[in-house]
Structures are given as structure tokens and as C-alpha cells.
Amino acid sequence: MKGKWWHPLPDGRIQCDLCPRDCRLHEGQRGLCFVRKMEGGEMVLATYGRSSGFCVDPVEKKPLNHFYPGTSILSFGTAGCNLACKFCQNWDISKSKEMDRLQDEASPEAIAKAALDLGCRSVAFTYNDPVIFAEYAMDIADACRAKDVRTVAVTAGYVHAEPRRALFAKMDAANVDLKAFTDDFYWKVCGGRLRPVLDTLVYLVKETQVWTEITTLLIPGRNDSDDELRAQCRWIRQNLGRDVPLHFTAFHPDWKMRDVGATPPATLTRAREIALLAGLNYVYTGNVHDETGGSTYCPACENPVIVRDWYDIKAYELTDAGACVHCGTQLAGRFQKFAKPFGPRRIPVRLKQEKAFL
């Protein structure tokens with residue numbers, strides 16, 4: 001599959017214009033992301049139509065707490081990533097340089113049909129970053145839209161402006177992984193920069209209709225100081241507004257950061273309190289059992305309107321349109337008639353001969 005967003009260089013190489021890495025490639029060479037390659041003097045997308053696996057998840061696992069709560073979502077990714085986070089929780093997929101990680105072949109139409117057949121409200125591009133396989137994600141989004149299936153990008157938001165516009169024009173929702181709030185962390189731990197991610201967040205919230213939530217994985221001693229959390233929450237309030245949900249999630253030792261301990265639940269609670277004091281309306285703790293931190297509260301009357309324990313919805317007190325049943329305040333998000341929630345389970349599926357099998 002021919003790729004977009006590149007230009008030739010005078011020395012015979014080509015430059016990838018997808019993300020701020022600006023990889024310059026010789027014939028046969030791949031970018032840091034592994035997915036994009038110079039072949040025949042052009043850019044090709046090496047993993048188009050191939051996936052590292054499919055699962056049916058609760059939408060809350062993305063995490064998205066204000067995007068059709070209780071529904072199921074068909075999740076999949078490819079291989080590779082355009083960042084190099086030392087703490088990557090999906091390193092076996094996102095850091096893969098081997099094609100044998102790509103198990104399932106699936107056309108965009110097959111994925112859309114599978115989502116419909118499996119009763120999924122949405123399809124999520126996740127596990128690795130959809131930015132690097134944007135052409136494939138965009139084709140899938142078109143196929144999904146034709147069947148009234150929504151699409152979700154779970155992304156680090158590390159992308160140039162032109163491809164950002166093209167990709168998110170096709171998306172219905174996004175969860176952006178804001179990995180820290182210092183450029184030093186991004187450079188030393190992730191091999192990237194903070195500014196492009198902030199630009200993506202402002203673009204999504206201010207210039208699109210894409211429903212946007214933010215996740216920050218709190219790593220003890222690395223990005224969890226009170227000062228950094230206050231600065232992050234102030235920036236969100238001032239630049240994005242009070243209603244963008246923010247998820248603080250727990251780190252576990254993995255890949256190249258096994259020497260750091262898991263995040264104590266108290267750290268997540270402290271971060272949530274800082275965010276609420278900064279004036280954010282919807283702040284959550286994740287990867288832990290914490291009914292208080294996992295639940296949604298009406299910003300007006302402060303009653304719990306969606307009670308959650310991890311991904312399990314225990315109570316739901318919103319109208320079909322997403323208004324609080326206690327005081328009538330409209331909550332921010334995308335809502336529909338609430339049926340029996342999908343629940344916390346995760347169901348692997350295989351797409352084979354254009355059919356989905358549980």
C-alpha cells in the first residue's frame with residue numbers, strides 16, 4: 001500500500017512527513033515506527049491490512065468514560081510505534097520489528113462488518129498508535145461510518161498538522177496519552193517532544209468534533225510530583241476547558257523500566273484531588289479498583305451518575321441524552337439509551353475469511 005505524507009530529498013532518500021521524527025530513509029529502509037518504508041523510491045505502508053490481534057473490550061478500557069458508556073468496542077492494532085517509551089505497557093506489539101507479530105489479515109470492510117456482527121458500537125485503533133498506520137485507520141473509519149459504527153483513536157498524538165487533520169477528520173473519539181508534562185521526560189524517556197502532543201490536544205478540542213479524553217500513566221518519581229501535576233491540570237483547564245475527562249492510571253514495571261515500582265493507589269488519589277482542585281469536572285483513576293475515583297459525578301449537584309469499579313458499571317443515572325436524573329444538568333460526552341452494560345470482560349476474536357469468531 002502506497003503511503004502518504006512524504007517528499008523526495010536531493011540525495012535520493014525520501015523524508016517521512018507524518019510525525020515530528022521526520023525520518024529520512026534510504027531504499028529498503030524503515031522509519032523508527034517500523035511501519036513506513038521506502039520501496040521503489042516511494043513511501044509504502046508495510047502493515048496495511050494486517051493486525052496483531054483483535055479483542056472485544058468494554059469502551060471504558062480505552063479508557064473512555066464519556067463515549068457511549070457501557071458499550072463494547074472492537075479493539076485492534078498493527079505493529080510498531082513512532083515513540084520509544086521505556087515504560088511501554090504493550091512493548092511486545094509497539095516495539096515489534098517482526099512481521100510474525102501480525103497475525104490477522106483483514107480488509108477495512110471486514111473489520112466494519114465484524115464490529116457490527118459482534119454487537120460493538122465502535123472500533124478502536126489501539127495497542128500501538130494509529131498515527132503510524134493512518135491510511136489503514138482512515139479506510140477502516142470510512143467502512144465503519146457506512147455501517148453506523150464509530151471509530152476511536154487511542155494515540156500519543158505525536159503527529160504533524162497535515163496528517164493530523166486527515167486522520168482525525170475520520171475519527172469520532174480519541175484518547176490522547178499525555179505521558180508527562182515536561183519536555184525533559186518526553187525527550188529522555190520517550191524519545192519525543194511535549195509540544196506536538198499539546199498541539200494535538202488543542203486541535204482536537206478546539207477545532208474538531210472528536211470527543212477527546214486524556215490519559216496520564218503515573219510513574220513513581222518520574223512524572224508524579226505535585227508541581228508537575230498542578231501545571232498539567234492548570235494547562236488543561238486554561239487551554240482545553242473543564243469538561244475534558246482526565247484519567248490517571250497506574251504504572252506497572254515493564255520493558256526497560258522494570259526497576260521502578262508499581263504506582264501506589266494513594267498516588268492516583270492525590271493526583272485526582274489536585275485535578276479537581278484545579279477545576280476539572282471529570283477526573284478518574286485507572287488500572288485499580290477504586291469506586292470513588294472510577295465514577296462519574298454530576299458537576300452541578302455532585303451526585304454520582306455513573307458508578308464504576310474498574311470497568312464494571314454498578315449504577316447509571318443519566319437520561320438517554322446524558323443529563324443528570326437528579327438535577328437535569330447535561331454532562332459532556334456522547335451518550336445513547338443505556339442498556340445492559342457489556343461488563344469488564346475482554347474477549348479475543350479472530351477475523352478469518354471475512355468472518356469474526358469468538
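The crossing of helices H2 and H3 is right-handed, where right-handed means that the near helix is turned clockwise from the far one by less than a right angle, and left-handed that it is turned anticlockwise. This is a predicted model, in which local features need pLDDT of at least 70 and side-chain atom pairs count only at pLDDT 80 or more, while totals for chains, interfaces and linings use all residues. Residues are numbered from 1 along each chain as its sequence is written, and side-chain values use heavy atoms, with hydrogens and water left out.

**Helix packing**

- Helix H2 (residues 108-117) packs against helix H3 (residues 134-146) at an angle of about 50°, with the axes 8 Å apart; helices are DSSP runs of H or I with at least four residues, strands are runs of E with at least two, and both are numbered from the N terminus.
- H2 and H3 are therefore oblique to each other, given that angles under 35 degrees count as roughly parallel, over 145 as roughly antiparallel, 65 to 115 as roughly perpendicular and the rest as oblique.
- Pro-108, Glu-109, Ile-111 and Ala-112 of H2 meet Tyr-136, Asp-139, Ile-140, Ala-143 and Cys-144 of H3, contact meaning heavy atoms within 4.5 Å.
- By class, this contact of H2 with H3 has 7 nonpolar, no polar and 2 charged residues.
- The axes of helix H4 (residues 161-168) and helix H6 (residues 195-207) come within 11 Å and cross at roughly 40°, which makes H4 oblique to H6.
- The crossing of H4 and H6 is right-handed, and the contact joins Arg-164, Arg-165 and Phe-168 of H4 to Pro-196, Asp-199, Thr-200, Tyr-203 and Leu-204 of H6.

- The largest cavity holds about 80 Å³ of space, and the residues that line it, with an atom within 4 Å of a point, include Cys-16, Cys-19, Cys-23, Cys-33 and Asn-82.

**Open space**

- The second largest pocket has a volume of about 250 Å³, a pocket being an open set with protein on both sides within 12 Å along at least five of seven lines.
- Of the 15 residues lining the second largest pocket, Leu-276, Asn-281, Tyr-297, Cys-298 and Pro-299 are the closest to its centre.
- Helix H8 (265-277), strand E15 (283-286) and strand E16 (296-297) each supply at least two residues of that lining.

Key
1 Å grid on protein atoms, 1.4 Å probe; cavity = no way out; pocket = protein on both sides within 12 Å on 5 of 7 lines; lining within 4 Å. Points joined across faces, edges and corners; volume = space filled by probe spheres on them. Axes fitted to C-alpha atoms, helices over the stretch in contact; angles between N-to-C directions. Nonpolar A, V, L, I, M, F, W, Y, C, P; charged D, E, K, R; others polar.
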